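Dear colleague,

I am handing over the structure below, and after it you will find my notes on what turned up when I went through it. Please keep it open while you read, so that you can look up each place as it is mentioned.

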Amino acid sequence: MLCNISSLRFEKREDVSTTMILLVPILSVFCGLLFAGLFIALTGKNPVDVYMLMFEGAFGSQYGISETIVKAIPLILCSLAVALAFRMQLWNIGAEGQLYMGAFGATWAALSFPEWPASQLLPFMVIMGALMGGLWGLLPAIPRAYFKVNETITTLLMNYIAILWVDYFVYGPWKDPKGLGFPITAPFSSGAILPSFGITRIHWGIIFAIVAVVILYIIQNYTKWGFEIRVSGESAAAAKYAGMNYTRNILLVMFISGSLAGIAGMTEVSGITQRLQHGISPGYGYSAIIIAWLARLHPVVIVFVSVIFGGLLVGGFSIQTSGFPAATVAMLQGAILFFVVGGEIFTQYRIRLDRKGRSL
Amino acid sequence: MSSMPMVEMVSITKRFPGVIANDSVSIKVNTGEIHALLGENGAGKSTLMSILTGLYRPDEGEIYLRGLKTELSSPKDAANKGIGMVHQHFKLVKSFTVAENIMLGLKGEGMIIDRTSIEKRIREFCQQYGMAVDPAAKIWQLTVGEQQRVEIIKALFRGAEILILDEPTAVLTPQEAKDLYKTLRIMTRQGKAVIVISHKLSEVLEGTDTVTVLRGGKSVGTVKTELADEQELSRMMVGRHIAVSRDKCLIEKGKQILKLQGISCLNNRGQLAVQGISLDIHAGEILGIAGVAGNGQSELAEVIAGLRSVEEGTKYIDGVNHTQSTIRALVDAGVSYIPEDRMGTGLVPSLNAVDNYVLKSYKKHGWLMDWSRVKTQTQEVVERFSIKLASIASPVKMMSGGNLQKLLLAREIMADPRLIVAVYPMRGLDVGAMEAVRKLLLAQRDAGKAVLLISEELEELFALSDRIAVLHRGEIMGIVDSCTATAEEVGMMMAGKRMLEKDAM
């Protein structure tokens, strides 16, 4: 309620300026780095040195850059996945689980038909990855569409199911007998491995990611379906009023969102680990949420932000040698997300200092 | 009773941008009195009571409590001065118990809540006022009527001497309504004053002592209830003089466009909102729907537009059975719907004029959006309908109400519909914009479209419609020719009097 003494008030901005849209995420990242820097300083290290070291590790060498891009591939795919859902205001927090299920689907294909040539097996693995990821996205979409069950919670919880599901297989039926007891499947046959470029680990997944960026960009901006998603996200009532099939679009968007994350899972097992194993993702699906938000759901911007976040991961590994745990990166990401979400308030609202408690 | 009135509001004026919500309104409420504030929606009842509860400050005028001039600076201040309000939408925490809700925000109870003593006090309170509520029950377990009682107890517990109830019987069953008035009567006998905001004539006549009628922001008069009758009140409410300025009275009916047969539907709470409605609209005709808001008008419009499912009955559009059609199919069949909720349903506030212009027609031609063509079309329409906006690329929420409505109408008209369903199309618009909307609707009728116009303003209905159907509690009380009918006749039907079967539909 209102009171008589002067009070702080948030007032919704009439128009969000482009400068604010650009400035706020950049400032948020900066504040995140500053904040995390405090903790680094507490360990007795100079945060600037640590950040320089990270930057060098990620972008300072050909190897660093290639590894950064390797990390960016699943990040791009997962970020596109959540961005598509976010655009319809479907809070898909489940890209991580969808990635795992995609990896599971692709692995099933690879292990079941090892004798197939790459020209058949790889497309089949992509399809299975997309299908499993898509189904994992569709599952929470059904109660969301028909009973308004909050998808934020269901998608989040289903991540744990997916991760444990994969664990069951790598610790159980699919465990490689020659794997010295490690939770890994047998290595894939050569037909199940995505080719990579030169001596780097950059694999064909990058092509999938770029194609997905282009397709989603076109969908969002030039197709009628993209228009429906945009309207549905802004106002469900208006979408229904305009005769759009809101319920079907929830299902479709969540399925496609899950498929994209599923493809990320496929590229990870097929291009990087070349087998399914415990913990195939260091949280790509969660980082994707931050990336999508920072990129304001723009497919092309997602590519750049994903590369930065890929660099953050690679840089994080490189500072481990100087005595920092890799979890430093998780802390950095958390700090950035914190400021991004906080900064969002400043793009949407302005702060007013009120002298008198007067309404309207 | 004492000569000093409990509340006196003198010459209250409150202006909002473009409207005068209260124009020098005075009202006097005595101790021990149930005072009805009667008027149609938009008459200024809620604004006046918002001033009394400290939500708004009057631009002019004075408020006296027990003869003392008072400034009400905030709702908290008003509550401290003994003014309690029971809103139409209850402000209760569903997962809390009755006692907890009553305790919320109550001062002087300290940190530790003594549940048993509070529950005991509430029980005593209930007994005193003849209300039955279990203080330990959770709010979600209670019926709407019981929840309302909790709101009343909450207000009394905070020391309310003046209790304001906003449309208290709107959500109640007839029996609950009766019980409510019994309780209110006990309260007034104990020296409290009650103000009931209402637009239900029968309820006001049965339950209250004094009636003040508001119309168009002005006070029409105050009468003793025992000296008033339904006819007089309805005349005061809708206005004595309705200038029927019609361009033509005899129209040549075109072919039947909409036909409803025995249509029933539910409201959002799952109760019957519209019951066995049969009507038809022909090409080149405007059928007005009169009625006090909340009598099934919005639901009827939604049923026609396909946004609400038909429970019973059949719906034909241009002779084709469209009872079960989807919204899209109805749009394609030429049904245009101008919803009550412009921002959020009819238009998407955060999207720009171009997006909003293609909101319904985007489906045509292929799967890609032809933005350049749509932009040109929007620009043309903006000029043709003289819609004022900063740019067709900025969000429509920046536009004024009148221009928004023009954009919405332009979109609907450009789609060349057969039937236009317009719900309160002039609500909240300034005079200029109202005139523009009026002209657009008449032009559509002249162009041979069938128009269903839902409005609360009788004047508007008489001026625009060819026939007027009156809705009361979801049923049609009668359909009259607007050239021969009188405002009194329609007013009586709005209050629930069924038309004699003398005129055929």
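**Two domains of chain B**

The centres of domain 1 and domain 3 of chain B, taken over C-alpha atoms, are separated by 33 Å. Please bear in mind that this is a predicted model. Where these two domains touch, 16 residues come from domain 1 of chain B and 14 residues from domain 3 of chain B. On the side of domain 1 of chain B that touches domain 3 of chain B, the elements that give two or more residues are helix H7 (201–207) and helix H8 (230–238) of chain B, and H8(B) gives the most, with six residues. By kind, the residues of that side of domain 1 of chain B divide into five nonpolar, eight polar and three charged. As for the bounds, chain B is divided into domain 1 (1–82 + 161–242), domain 2 (91–159) and domain 3 (267–503).

**Between the chains**

The contact between the two chains takes 21 residues from chain A and 27 residues from chain B. On the side of chain A that touches chain B, helix H8 (224–234) and helix H9 (236–241) of chain A are the elements that give two or more residues, and the residues of that side divide into 10 nonpolar, six polar and five charged.

**The nonpolar core**

Which residues of the largest nonpolar core touch the most other members? Of its 251 residues, they are Leu77(A), Cys78(A), Leu80(A), Ala288(A), Ala292(A) and Val421(B). Helix H3 (residues 62–87) of chain A provides the largest share of this core, with 15 residues.

**One helix, step by step**

Helix H2 (residues 47–59) of chain A has 13 residues, which at 1.5 Å a residue should span 18 Å, and this agrees with its end C-alpha atoms, which are 18 Å apart. The buried residues of H2(A) are Val50(A), Met54(A), Gly57(A) and Ala58(A).

Ser11(B), which is found in strand E1 (residues 7–16) of chain B, has a positive phi of about 45° although it is not a glycine. With 14 C-beta neighbours inside 10 Å, Ser11(B) counts as partly exposed. Ser24(B), which lies in strand E2 (residues 19–29) of chain B, has a positive phi of about 50° and is not a glycine either. Ser24(B) is partly exposed, because it has 14 other C-beta atoms within 10 Å.

From C-alpha to C-alpha, Asp466(B) and Leu260(B) are 18 Å apart in space, while in sequence they are 206 residues apart.

With kind regards

Conventions: Residues are numbered from 1 along each chain as its sequence is written. Chains are lettered from A and ligands numbered from 1 in the order in which they are written. This is a predicted model: local features need pLDDT of at least 70, side-chain atom pairs count only at pLDDT 80 or more; totals for chains, interfaces and linings use all residues. Two residues are in contact if their C-beta atoms, placed from the backbone, lie within 7 Å. Helices (H or I, at least four residues) and strands (E, at least two) are DSSP runs, numbered from the N terminus. Ala, Val, Leu, Ile, Met, Phe, Trp, Tyr, Cys and Pro count as nonpolar, Asp, Glu, Lys and Arg as charged, and the others, Gly among them, as polar. A nonpolar core is a set of buried Ala, Val, Leu, Ile, Met, Phe, Trp, Tyr and Cys residues joined through C-beta atoms within 7 Å. A residue is buried if 20 or more other C-beta atoms lie within 10 Å of its own, exposed if 12 or fewer, and partly exposed in between; C-beta atoms are placed from the backbone. The expected span of a helix is 1.5 Å times one less than its number of residues. Domain bounds come from an automatic or database domain assignment.
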